[in-house]
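Please open the model in your viewer and keep the selection panel at hand. The stops below go from the whole chain to single residues.

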Amino acid sequence: RSPPPLSALSQVLRLERNRRIGVVFPLQKLARYLAPGVDATRFGLFQPGLDALQRAEGFFRSGRHHAIDYVSSAVRMDHAPPPALPEVCFIGRSNVGKSSLIRALFSLSPEVEVRVSKTPGHTKKMNFFKVGKYFTLVDMPGYGYRAPQDFVEMVEAYLQERHNLKRTFLLVDGVVGLQKTDHIAVEMLEDFGLPYVMVLTKIDRASRGVLLKNVLEIQEFVKEKTQGCFPQLFLVSSLEFSGVHLLRCFVAHVTGNLPTVEAS
């Protein structure tokens, strides 16, 4: 299988400037529609330059000396692979587009199989993907609708015991914004004192007005009600690859593989 269009940065760089910014920095593009006087600081805290984006892409592209592999699945912590590498995990409501996003992140390595369930709530295991000798990425079961009974036990145990966990990516549907179940996930991460970041998915399905409203409301919530959340939101579309390149860069950065990320 060949990688989809715009999954590689080289393809994005051929686009005209406005479209290019929209794909690489969707939040920055959205900031243009803010009312005058609105503080836009939180729209551009993580703004890597081209060199950092290109280096980050290298981690997600498998090669002869750099294998990206699905390692194993686990329903209990004693089934999880040894915590040898820095790790990031992706959690979110069932049907938020978690597996689709992970598939988009790994799209430059089409041999990596990320199972995308047709039935919401079907991912009932923690799935571990090893990215060379650099980091591990974990796809967690979805919560909310049809979540497995032992979801909380499984996820709480993982979050509390996984000492190599560098960042949790909490996925929120960009069309509907924060839901009751998302607030429960936020409380859990706050209680455990873990650093996390919110990612708004499916931004291609939301109108600009709805997206801006949700972004501003969530930013305000993060500012007023959270301690451990990174102040900048990440906006993504797994379909159009908006925000995927930036997210790859952030993953490489928080796992210690891009210690210095210069601003563009």
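With the whole chain selected, consider its contacts, where a contact means heavy atoms within 4.5 Å: of those with a separation of 6 or more, 75% are accounted for by residues 24 or more positions apart. What you see is a predicted model, in which local features need pLDDT of at least 70 and side-chain atom pairs count only at pLDDT 80 or more, while totals for chains, interfaces and linings use all residues. Residues are numbered from 1 along each chain as its sequence is written, and side-chain values use heavy atoms, with hydrogens and water left out.

Now switch to a cartoon view, in which you can look for nine helices and seven strands; these are DSSP runs, numbered from the N terminus, with helices (H or I) of at least four residues and strands (E) of at least two. Taken along the principal axes, the box filled by the C-alpha atoms is roughly 50 × 45 × 35 Å. Of the 264 residues, 54% count as buried, which means under 20% relative accessible area, whereas exposed means over 50% and partly exposed lies in between (1.4 Å probe, protein chains only).

Next, select Phe90, Leu101, Phe106, Phe169, Phe234 and Leu247, which have the most contacts inside the largest nonpolar core, a group of 46 residues. Such a core is a set of buried Ala, Val, Leu, Ile, Met, Phe, Trp, Tyr and Cys residues joined through side-chain atoms within 4.5 Å. Helix H9 (residues 244-254) gives the most to this core, with eight residues. Apart from it lies another core, of 44 residues, and you can find it by selecting Leu30, Phe151, Ala185 and Cys229, which are among its members.

Return to Leu101 and show its surroundings: leaving aside residues up to four places away in sequence, Leu101 touches Phe90, Leu171, Val199, Val236, Ser238, Val244 and Leu247.

Move on to strand S5 (residues 165-173), where Thr168 has its place. Is Thr168 buried or exposed? Thr168 is buried, because its relative accessible area is 0%. Among the residues that Thr168 touches, not counting those up to four places away in sequence, are Cys89, Ile91, Leu189 and Tyr196, and also Leu159.

Finally, select helix H6 (residues 151-161), whose buried residues are Phe151, Met154, Val155, Ala157, Tyr158 and Leu159. These buried residues pack against strands S1 (68-74), S2 (87-92), S3 (126-131), S4 (135-139) and S5, and also against helix H7 (180-192).
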